[in-house]
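Reader: I am new to this structure. Could you walk me through it, one feature at a time?

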Amino acid sequence: MQRAMQGLDWAMLLGLALVFGSAFFFSQLGLRSFGPLTVAAGRVGIAAVVLTSIALLRGRRFPGDPRILLALLVMGALNNAVPFSLISWGQTRIDSGLAAILNATTPIFTVLLAHLVGDERLSLRRLAGVIFGFAGVAVLIGPAALMRLDPSDLAELGILLAAVCYACAGLWGRQFRQLPTEIAAAGMLIGSSLIMLPASLIFEHPWAVSPSAESVAAIVALALLSTVIAYLLYFRLLVRVGATNLLLVTFLLPVVALALGAAFLSERVQAVDLIGLGSIMTGLAAIDGRVFRWIFGRFRATSPVAAGTSGSLPDSRRS
């Protein structure tokens with residue numbers, strides 16, 4: 001059973017939302033000097049070094065089984081290399097806030113994939129959540145995208161593909177439950193670094209760039225705050241409050257990204273963004289279920305029929 005969230009849990013959850021949500025902001029700053037592959041490579045490369053150091057300092061040992069190492073490489077591709085690259089590329093064409101909203105569809109794709117592979121049946125409530133989620137996506141992309149695709153439409157589809165990768169990673173990552181947290185996270189980041197570093201060197205030639213100090217600092221912050229600290233907080237909260245409560249962070253990420261984008265990047269929050277966000281958040285609330293259970297519980301508590309039924313129980317017991 002999931003235990004009730006305590007004050008420290010809420011503080012950690014808000015901290016996780018801040019460091020995860022700020023990734024879109026830091027990526028946007030890094031893209032002012034570097035290409036999307038280099039931004040992703042810098043993020044995973046620095047984070048891999050730091051998390052590996054933490055794991056070794058704590059006395060952890062990496063597994064020697066080639067099958068586990070190969071599985072970590074696949075996890076690095078699904079959870080880091082491909083989605084980080086797609087999101088960075090997408091942010092060269094759309095605002096960071098919109099990217100964060102589209103990225104919030106990850107639980108929706110997770111529910112669909114879990115149903116398809118037979119892990120969890122798609123209930124009517126969750127199906128309604130999926131429909132609301134995709135309705136929000138349709139609002140954000142717009143009907144014009146059905147007629148023709150321009151670069152911004154392709155960027156939006158790229159962010160959605162990144163969300164699908166995250167959903168696949170969530171299912172794939174279940175096999176690492178027996179690995180220590182630091183080893184699983186560091187091994188995944190080493191795998192993604194092996195993919196991203198050569199890709200960035202081959203296709204973007206980052207050594208030829210004269211980067212600004214702002215962009216370099218942003219990539220370092222992206223690695224340390226939005227990756228290392230974020231993963232450590234994430235797994236700590238997973239143990240403390242469970243996966244269901246941890247899903248709450250998904251509701252906060254777009255809000256953080258929208259606020260940072262509007263405050264520091266001069267991004268305009270449009271009405272269509274808020275409408276799409278509202279529809280996706282409604283879908284996530286349906287998938288999560290706790291808001292609907294609370295409303296239903298309040299309705300039953302205040303319903304005259306329910307009250308009358310509960311009032312008759314003592315008499316029936318006495319008879």
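Author: Start with packing. The model is predicted. In it, the buried residues of H5 pack against helix H4 (96-103), helix H6 (124-141), helix H7 (151-172), helix H10 (249-264) and helix H11 (271-288).

Reader: Which residues of helix H5 are buried?

Author: Helix H5 covers residues 106-116. Its buried residues are Thr106, Pro107, Ile108, Phe109, Val111, Leu113 and Ala114. Then look just after H5. There, Gly118 takes a positive phi of about 85°.

Reader: How many residues are in the largest nonpolar core, and which have the most contacts inside it?

Author: That core has 88 residues. Leu16 and Ile280 have the most contacts inside it. Helix H9 (residues 213-246) gives the most to this core, with 12 residues.

Reader: What does Ile280 touch?

Author: Leave aside residues up to four places away in sequence. Ile280 then touches Ile101, Ala104, Thr105, Ile108, Phe132, Gly133, Gly136, Val137 and Leu140. One of these, Ile108, is also among the buried residues of H5.

Reader: Now the cysteines. How many disulfides are there?

Author: First the general idea. A disulfide is a covalent bond between the sulfur atoms of two cysteines. Now this case. A search of the whole structure finds 0 disulfides. Cys165 is in no disulfide, and its nearest cysteine sulfur, that of Cys168, is 6.3 Å away.

Reader: Next, charged pairs. How many salt bridges are there?

Author: The count comes to 5 salt bridges. Take the pair Arg32 and Glu214, whose side chains meet at 3.2 Å, N to O. This pair links distant parts of the chain, 182 residues apart. Arg32 sits in the loop between helix H1 (7-30) and helix H2 (36-57), while Glu214 is in helix H9.

Reader: How exposed are Arg32 and Glu214?

Author: Arg32 is exposed, with a relative accessible area of 51%. Glu214 counts as partly exposed, at 39% relative accessibility.

Reader: Which salt bridge involves Arg60?

Author: Arg60 meets Glu182, side chain to side chain, at 3.4 Å, N to O. This pair also joins distant parts of the chain, 122 residues apart. Arg60 is in the loop between H2 and helix H3 (66-90), and Glu182 is in helix H8. Arg60 counts as partly exposed, at 33% relative accessibility.

Reader: Is Glu182 buried or exposed?

Author: Glu182 is buried, with a relative accessible area of 6%. Its helix, H8, covers residues 181-204.

Reader: What else surrounds Glu182?

Author: Again, skip residues up to four places away in sequence. Glu182 touches Ile54, Ala55, Arg58 and Arg60. Its side chain makes a polar contact with that of Arg58, at 2.5 Å. Arg58, Arg60 and Glu182 are linked in a network of salt bridges.

Reader: One more pair, please. What does Arg67 meet in a salt bridge?

Author: Arg67 meets Asp65, with 3.2 Å from N to O between their side chains. Arg67 is exposed, with a relative accessible area of 66%. Asp65 is partly exposed, at 26%.

Technical notes
Residues are numbered from 1 along each chain as its sequence is written. This is a predicted model: local features need pLDDT of at least 70, side-chain atom pairs count only at pLDDT 80 or more; totals for chains, interfaces and linings use all residues. Side-chain values use heavy atoms; hydrogens and water are left out. Helices (H or I, at least four residues) and strands (E, at least two) are DSSP runs, numbered from the N terminus. Buried means under 20% relative accessible area, exposed over 50%, partly exposed in between (1.4 Å probe, protein chains only). A polar contact is a pair of N or O atoms within 3.5 Å; within protein, one must be able to donate a hydrogen and the other to accept it, and residues adjacent in sequence count only if both atoms are side-chain atoms. Contact means heavy atoms within 4.5 Å. A nonpolar core is a set of buried Ala, Val, Leu, Ile, Met, Phe, Trp, Tyr and Cys residues joined through side-chain atoms within 4.5 Å. A disulfide is a pair of cysteine sulfur atoms within 2.5 Å. A salt bridge is a side-chain nitrogen of Lys or Arg within 4 Å of a carboxyl oxygen of Asp or Glu.
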